[in-house]
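Colleague: I would like to learn how to read a few features of a protein model. Can we go through one together?

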Amino acid sequence: MKFPQVWDLERFFKGGSASSSFQETYKDVANKLKELEKCFHDEHLSQGISLSQAISLELREMEAFVSCLIAQNVKDTQARILDSKMRTLMTAYQNCMLLFDEKLKNLSDKAFDTLVQNHQEIAFALKERRLLSQEKLSFKEEAFINDLMIDGYHGWSQVWSSFIGEMTFPFQGERLFFGQIENKMADSNRKKRKEAFASITSEFTKHESLFAQILN
């Protein structure tokens, strides 16, 4: 029996990286994020909590979809564009949650206890979130850092993923992609493991200057 070598992603968003349903969902989530920001600004925290949970589920599915598109075809340029758009959307969501943290931090103990009573199913998460919010910078400073991440280490992470996705490694007369040769590192045969390690080391050494810049 032969199994397909790519995922069936049509059940999530039809059309692959050109999916119109994905674009519609993207716009819908972007609008929901504006609504979420308004909820937290206006201190409608209970409403914001429910909305943030729904948005989080959608973002996870969208992110997984785009990641799978890139994993099955590293040369899918449209998928790379979607990946960049998702980073922007995720940053907007994270900034909303930073605003939520700020509101939690400034709530009176009585108001916070009432909020927890209304959301017993996530009581522990709320208490943990409020505790951690005490250690954060101000909302403006944290949001500024989040915005810098898009073109900062997130951008460098994209460079790393794109580059390594196109690299191939010699192994016993074949050229293997990184995921394939990485599997050889777990082979029961020690000789094969050493050969795979030597191949990875050799190819990485050829691009050590670029990788050093990415890591820095």
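Modeller: Keep in mind that this model is predicted.

Colleague: At what angle do helix H1 and helix H2 pack, and how far apart are their axes?

Modeller: H1 covers residues 20-41 and H2 covers residues 45-72. They pack at an angle of about 155°, and their axes are 10 Å apart.

Colleague: How are H1 and H2 oriented to each other, roughly parallel or roughly antiparallel?

Modeller: Angles over 145 degrees count as roughly antiparallel, and H1 and H2 are therefore roughly antiparallel to each other. The crossing of H1 past H2 is left-handed.

Colleague: Which residues in H1 and H2 meet?

Modeller: Among them are Phe22, Val29, Leu33 and Leu36 in H1, and Ile49, Leu51, Ile55 and Leu59 in H2. By type, the residues of this contact divide into 15 nonpolar, four polar and four charged.

Colleague: Which residue forms a salt bridge with Lys32?

Modeller: Asp28 does, and the closest N and O atoms of the two are 3.2 Å apart. Lys32 and Asp28 are four residues apart in helix H1, so about one helical turn separates them. The structure holds eleven salt bridges.

Colleague: Now the strands. In which sense do E1 and E2 pair, and over how many bridges?

Modeller: In a regular strand, side chains alternate between the two faces of the sheet. Here, E1 (residues 168-171) and E2 (residues 174-177) pair in the antiparallel sense over four bridges. Pro170 stands opposite Arg175 in E2.

Colleague: What do E1 and E2 form, and how many residues lie between them?

Modeller: They form a hairpin, with two residues between the strands. In the turn, Gln172 has a positive phi of about 50°.

Notes: Residues numbered from 1 in each chain as written. Predicted model: local features only at pLDDT ≥ 70, side-chain atom pairs only at ≥ 80, totals over all residues. Heavy atoms only, no water. Axes fitted to C-alpha atoms, helices over the stretch in contact; angles between N-to-C directions. Parallel < 35°, antiparallel > 145°, perpendicular 65-115°, else oblique. Left-handed = near helix turned anticlockwise from the far one by under 90°. Contact = heavy atoms within 4.5 Å. Nonpolar A, V, L, I, M, F, W, Y, C, P; charged D, E, K, R; others polar. Pairing = 2+ DSSP bridges. Salt bridge = Lys/Arg side-chain N within 4 Å of Asp/Glu carboxyl O.
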